[in-house]
Amino acid sequence: MDLTRVIMATDLMANWYAAYSIQHSDFSAQPGLQRLTAFPVLVFTTGPLDMQLG
């Protein structure tokens, strides 16, 4: 689970960097980035629950 969080965090940071620095775009103009942000938020918020139950 920890490795999953690290991979998601680095992938999300790379995508945010590409959207802001390379494409000079903002969050509202990137629907793909919005979806990519929603999934790690779900994993990070439900991950502690998984660790407590397991």
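The following paragraphs describe the fold, the surface and selected residues of a predicted model.

Residues are numbered from 1 along each chain as its sequence is written, and side-chain values use heavy atoms, with hydrogens and water left out. As the model is predicted, local features need pLDDT of at least 70 and side-chain atom pairs count only at pLDDT 80 or more, whereas totals for chains, interfaces and linings use all residues.

The secondary structure of the protein chain consists of two helices and zero strands, where helices (H or I, at least four residues) and strands (E, at least two) are DSSP runs numbered from the N terminus. Of the 54 residues in the protein chain, 20% are buried; buried denotes under 20% relative accessible area, exposed over 50%, and partly exposed the range in between (1.4 Å probe, protein chains only). The accessible surface of the chain comes to about 4000 Å², with 67% belonging to carbon and sulfur atoms, as computed by the Shrake-Rupley method with a 1.4 Å probe, only the protein chains shown counting as cover for residues. Among contacts (heavy atoms within 4.5 Å) with a separation of 6 or more, 50% are accounted for by residues 24 or more positions apart.

Helix H1 (residues 2-22) includes leucine 3, which is exposed, with a relative accessible area of 62%. Together with Val6 and Ile7, Leu3 makes a nonpolar surface patch of about 310 Å²; patches are made of residues with over 30% relative accessible area and no salt bridge, like charges being joined within 9 Å and nonpolar side chains (Val, Leu, Ile, Met, Phe, Trp, Tyr) within 5 Å, and a salt bridge is a side-chain nitrogen of Lys or Arg within 4 Å of a carboxyl oxygen of Asp or Glu. Threonine 10, also found in helix H1, is partly exposed at 44% relative accessibility, and its side chain reaches the backbone oxygen of isoleucine 7 at 3.0 Å.

In helix H2 lies threonine 37, which counts as buried at 15% relative accessibility. Leaving aside neighbours within four places in sequence, threonine 37 is in contact with Leu12, Trp16 and Phe27. Its side chain makes a polar contact with the side chain of tryptophan 16 (3.3 Å), a polar contact being a pair of N or O atoms within 3.5 Å; within protein, one must be able to donate a hydrogen and the other to accept it, and residues adjacent in sequence count only if both atoms are side-chain atoms.

Histidine 24 lies in the loop between H1 and helix H2 (31-53) and is exposed, with a relative accessible area of 66%. Although not a glycine, histidine 24 has a positive phi of about 55 degrees. Most residues other than glycine have a negative phi.
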